[in-house]
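Dear colleague,

Please find below the structure that I am handing over to you. My notes on it follow directly after.

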Amino acid sequence: DMTAVLTIIPKNISSAVVSFTGYSNNSFIYTGSEIGDINSKLSVVLDGYSLIKGTEYICEFSELVAIGSYSETITGTGNYTGTVTVSYDIVQKSIQLIVEEDNNTGNQQRFTYDGTVKYPSYIVKDENDNIITDATITYSENPVNSALYNLTITASKEGYESGSKNIQFFIEKATITLSWSNTTFTYDKTSHYPTVSHSETVASD
């Protein structure tokens with residue numbers, strides 16, 4: 001009789017394909033809280049076979065919060081050996097800036113010069129159409145004088161991708177109306193001047 005000794009060695013998982021089910025490019029959207037799906041959506045496939053967590057591989061991801069790029073090592077166990085590394089990202093949400101339109105002039109919002117800075121009306125929304133009220137707003141310039149402006153408005157917020165919008169609007173000239181009083185004098189060999197007052201109104205187109 002002959003006796004053969006067979007040895008079955010664990011299979012190396014270094015060539016396994018690792019991904020997160022339902023997440024393209026292994027990217028998770030920043031939420032401000034822990035990303036629970038990092039563990040539950042992990043998929044490890046080797047030669048067409050999906051390995052079982054805890055039985056055929058072990059890996060425990062940290063429940064990360066902050067935006068950034070990360071990597072974790074997956075280790076084979078049981079009938080599998082070796083390691084494979086998976087990289088993933090927590091990325092910013094997109095933010096959309098929408099400028100309200102003037103009912104009379106389309107998106108050319110109009111103002112009257114009064115010596116103060118003028119900005120067009122706008123609202124900030126995220127990609128799910130939720131209104132964002134605490135975004136930081138910056139402007140490409142601070143319009144004061146009468147002119148046609150092409151103003152870039154930029155919204156930013158921690159955890160979101162900054163968004164911007166260019167809006168054209170007009171600051172109209174103000175019309176100064178002069179009023180005269182005390183225009184009648186009695187000759188007395190001295191200089192006399194009437195009293196002048198003024199008011200500002202919107203210039204007509």
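Lys-125 is buried, with a relative accessible area of 16%; here buried stands for under 20% relative accessible area, exposed for over 50%, and partly exposed for what lies in between (1.4 Å probe, protein chains only). The residue lies in strand E12, residues 123-126; strands (E, at least two residues) and helices (H or I, at least four) are DSSP runs numbered from the N terminus. This is a predicted model, in which local features need pLDDT of at least 70 and side-chain atom pairs count only at pLDDT 80 or more, while totals for chains, interfaces and linings use all residues. Residues are numbered from 1 along each chain as its sequence is written, and side-chain values use heavy atoms, with hydrogens and water left out.

The side chain of Lys-125 meets that of Asp-129 in a salt bridge, at 3.3 Å from N to O. The term salt bridge requires a side-chain nitrogen of Lys or Arg within 4 Å of a carboxyl oxygen of Asp or Glu. Not counting residues up to four places away in sequence, Lys-125 touches Ile-95, Gln-96, Ile-98, Asn-130, Ile-131 and Ile-132, where contact means heavy atoms within 4.5 Å.

Strand E12 belongs to an open sheet of three strands, in the order E12-E10-E15 and with mixed pairing. E12 and strand E15 (160-161) stand at the edges with a single partner strand each, so one side of each has no neighbour in the sheet. Two strands are taken to pair if DSSP finds at least two bridges between them. E12 and strand E10 (residues 93-98) run antiparallel and are joined by four bridges; Leu-97 stands opposite Val-124 in E12.

A further open sheet has four strands in the order E3-E9-E7-E6, again with mixed pairing. Its edge strands are E3 (27-29) and E6 (57-58), each of which pairs on one side only. Between E3 and strand E9 (residues 83-91) the pairing is parallel, over three bridges, and Ser-27 has Asp-89 as its bridge partner in E9.

Strand E2 runs antiparallel to strand E4 (residues 42-46), with four bridges between them, and Val-18 stands opposite Val-44 in E4. Val-17 counts as exposed, at 54% relative accessibility. Leaving aside neighbours within four places in sequence, Val-17 is in contact with Ser-43, Val-44 and Val-45. Val-17 and Ser-50 are 33 residues apart in sequence, and their C-alpha atoms are 9.4 Å apart in space.

The structure holds six salt bridges. One of them joins Asp-47 and Lys-11, with the closest N and O atoms 2.2 Å apart. This pair links distant parts of the chain, 36 residues apart: Asp-47 is in the loop between E4 and E5, and Lys-11 is in strand E1 (residues 11-12). Asp-47 is exposed, with a relative accessible area of 59%, whereas Lys-11 is partly exposed, at 40%. Asp-47 also has a positive phi of about 55° although it is not a glycine.

Another salt bridge is formed by Arg-110 and Glu-172, whose closest N and O atoms are 2.9 Å apart. Arg-110 lies in strand E11 (residues 109-112) and Glu-172 in strand E16 (residues 163-172), so the pair ties together parts that are 62 residues apart in sequence. Arg-110 counts as partly exposed, at 30% relative accessibility, while Glu-172 counts as buried, at 9%.

A positive phi is also found in Asn-182, near 55° and again in a residue other than glycine. Asn-182 is in the loop between E17 and strand E18 (195-202) and counts as exposed, at 52% relative accessibility.

Finally, Ile-176, Leu-178, Trp-180 and Val-196 form a nonpolar patch on the surface, with about 430 Å² of accessible area together. Patches are made of residues with over 30% relative accessible area and no salt bridge, like charges being joined within 9 Å and nonpolar side chains (Val, Leu, Ile, Met, Phe, Trp, Tyr) within 5 Å; accessible areas come from the Shrake-Rupley method with a 1.4 Å probe, and for residues only the protein chains shown count as cover. Strand E17 (residues 174-181) gives the most to this patch, with three residues. Leu-178 lies in E17 and is partly exposed, with a relative accessible area of 49%.
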